[in-house]
Structures are given as C-alpha cells and as structure tokens.
Amino acid sequence: MKKTLVAALAAAALALPLAAAAQTTTLRIVSAFPESSFYVTRLLTWIRSVNEEGKGVLQLNFIGGPKAIPTFEVGNAVRTGVVDMAMSTGAYYTNVFPESDALKLTRMPVAEQRRNGVFDYIQKVWAEKGNMVYLARIVEHQPFHLYLNKPIDKPDLKGLKIRVTPVYRDFFGALGATVLQTAPGELYTALERGVVDGYGWPIGGIFDNNWNDHTRYRVDPGFYDAEVSLLLNQDAWKKLSARQRDFLLTQVRLLENRNDYWKVYGEQETERQAKAGIKVIRLQGAQAQEYVDKAYAAGWAGIIKNSPVYGPKMRELFSQK
Ligand code: 173
C-alpha cells in the first residue's frame, strides 16, 4: 500500500511539469474602462493573484484599456473572439444586444441573483445574444449620480447639455436634457471645453480622470446601481478543461464576493468630493422619490422599447427586492 502510494506520487511528480505545461491556457483580457480608473487597478491586482494561483492551469494576459480596444467596441471584440475576456459594463455594448444595459436596474445584490434565478437568466441571455459567458459582477453598491457645473433647483434639465452613455440617456432625456454620448476617456476634454454642463457617473471614480477639476455640483439622491462585470467569449469557454473552468469560476467568485468593499469606497468618495468643494444639490422628500421613480420608469421603458421579448421578463425578475 505504502509502496504503491510512493510510486504513484513519484510518477505524478515526473509527469506534472510536462502535463501542466501542455494544459496551461492564456486568456487575453481587456478593459472597457480607461487604465487610469480604479476599476482597472483592482482588476490588475486580481489578475496578479489569478496568475500566481493559476500557474500550470490558467493565465490572464491583460492587453489594455480603450487604447487597445475602444470602449464601445469591447463587447463585439468579446462576442467575436478578438479578445477572450473583458471587464465592461452593459451600457458599453448595447450595440451587441440592447438588454445588456438592463443590469443597472437590478434591485438585489448579485449574491442574491445567484440564489433566486436572476443570474441564470442573465447567463442565458448573454450566451444567446452575445456569445458570452457572463462570469461575475464585480462592481455593485455604487449608485449613479448627475454631476453638474450649473446649479438646478428642481429635477429639470432643460437647456443643459449632459454627457451620457446608454445608462442615463432615457432618464436625463426625460428630464429635458440635451444628451451627448462619450466614452469616459473623452469626458475630460468635453468638460474642459464646456461642450457639456454635466455628466452621469457613479458615486465613485470622478477623481481617477480629474473630472473633479470641472465638477461643481453633485445631485442627490443617486439612482440605479452601477454594474461592472467580467465577460468571456463562449468559444474560449468551451475550449477550457473542466479544471480550468473550475479554477476560473472560483477566481471570479473570490473577486465578486468582495463587493461589499464598494460600500466603503462609496463613502470614501462621497467624503473626498466634499473635501474637493463639490456641493450637493439634494432633492428632498417627494421630489427625491419622484426623481428616482422616474429614473427606473424611463430606464425600463428604454429597455423594453428595444427588447419587447426579454425586456418585460427582465423587469419582472430584476425588480424583486
Ligand atoms: O460611462 C459611464 O458613465 C457608464 O455607463 C458607467 C457604467 C458603469 C460604471 C461606471 C460608468
């Protein structure tokens, strides 16, 4: 018995280096967010640990941010397999399938989505329409806000030009704004030149690209929940061994399970904005409630207009509290 075990171990030790080398797969990963953003800092920390743990199994090769693949083209790059993996948000790949932008409207944490069937539904739609494996949601607890350089005293944006992505388009449009879409990488210049009077962004991250230089007000309350996720090309997934799949799923879950961190980050960023002199325009009482209700109503109307089949089902699933 003992002898057999030793022999088996010795054989395994001999076989290991060769077999391991043959089985290592390297996945090419990009970020739709600029490399200066904190999302990328955090992603790179995670990638380092994946590569450490994944020696001989799976490696991630970070290709870059929007300079490698422009923000709004990352979704198609994952769909077609130009890259294997990406960190992006649904608003950046509505050109692949419009339902992508609905993730901002979920009303429960991703941990619960994994328990109540919502996550399975998301995976089904992402696979069917995007040729993607929806791996994990790695940002949540980050409400979006409207940031302004001109004050408002009620939720009325008539006469204001606001930078948007699909996240905010329907809502800010419903409030009367003239909307203009830019990738995050083009926002600084738009603000500096006065091309826009404000922009949408989550509670955290405005310092990463120095937008605070050109930000005077934040409108409260926030609305929706910023979603940033990891996506994998489905063909790349199919080529992975069972062991590699297990490893990858374990690693993405380790990152997702740390999402409570974003609550702390939100508080820190709120404080940092105050210190930077950004004033809060706080809508009160019924006006605040109407503002948030209008955000969800306009958001869902937009999704359902573009997706009459999946949209209503998503609203039903995502609105559970
Ligand atoms: O660019 C954006 O404002 C945007 O759509 C977004 C989405 C998720 C997180 C951060 C920004």
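## Cavities in the model

A cavity here is a set of points, on a 1 Å grid over the protein atoms alone, where a 1.4 Å probe fits but cannot get out; a residue belongs to the lining if it has an atom within 4 Å of a point. Grid points are joined across faces, edges and corners, and a volume is the space filled by probe spheres set on the points.

The structure you are looking at is a predicted model, in which local features need pLDDT of at least 70 and side-chain atom pairs count only at pLDDT 80 or more, while totals for chains, interfaces and linings use all residues. Residues are numbered from 1 along each chain as its sequence is written, and side-chain values use heavy atoms, with hydrogens and water left out.

Searching the whole structure turns up 4 cavities of 30 Å³ or more.

## The largest cavity and its ligand

Let's start with the largest cavity, which is the space taken by the ligand. (A molecule sits in a cavity if more than half of its atoms lie within 2 Å of the grid points.) Its lining consists of 14 residues, and Phe33, Thr89, Tyr92, Phe144 and Tyr168 lie nearest the centre. H6 and E8 are the elements that give two or more residues to this lining. By class, the lining has 11 nonpolar, 2 polar and 1 charged residues. In this scheme Ala, Val, Leu, Ile, Met, Phe, Trp, Tyr, Cys and Pro count as nonpolar, Asp, Glu, Lys and Arg as charged, and the others, Gly among them, as polar.

## Around the ligand

The shell around the ligand has 16 residues, and Tyr92, Arg163, Thr165, Tyr168 and Trp201 come nearest; a residue is near if one of its heavy atoms lies within 4 Å. Helix H6 (166-174) and strand E8 (198-202) each supply at least two residues of the shell, with E8 giving the most, 3 residues. These elements are DSSP runs numbered from the N terminus, with at least four residues for helices (H or I) and at least two for strands (E). The shell divides into 11 nonpolar, 3 polar and 2 charged residues.

For the side chain of Arg163, the distance from a ligand oxygen to an N or O atom is 2.8 Å, and for that of Thr165 it is 2.8 Å. The protein covers 100% of the 300 Å² of accessible area that the ligand has on its own, by the Shrake-Rupley method with a 1.4 Å probe.

## The second largest cavity

Tyr39, Arg42, Leu43, Met87, Ile138, Val139, Leu255 and Trp262 line the second largest cavity. Helix H2 (38-53) and strand E4 (132-139) each give two or more residues to that lining, and H2 gives the most, with 3 residues.

## Two backbone details

A cis peptide bond, with omega of about 5 degrees, joins Asp220 and Pro221. Pro221 is part of strand E9 (residues 217-223). His141, although not a glycine, has a positive phi of about 60 degrees; this residue lies in the loop between E4 and strand E5 (144-148).

Conventions:
Polar contact = N/O pair within 3.5 Å; in protein donor to acceptor, adjacent residues only side chain to side chain. 1 Å grid on protein atoms, 1.4 Å probe; cavity = no way out; pocket = protein on both sides within 12 Å on 5 of 7 lines; lining within 4 Å.
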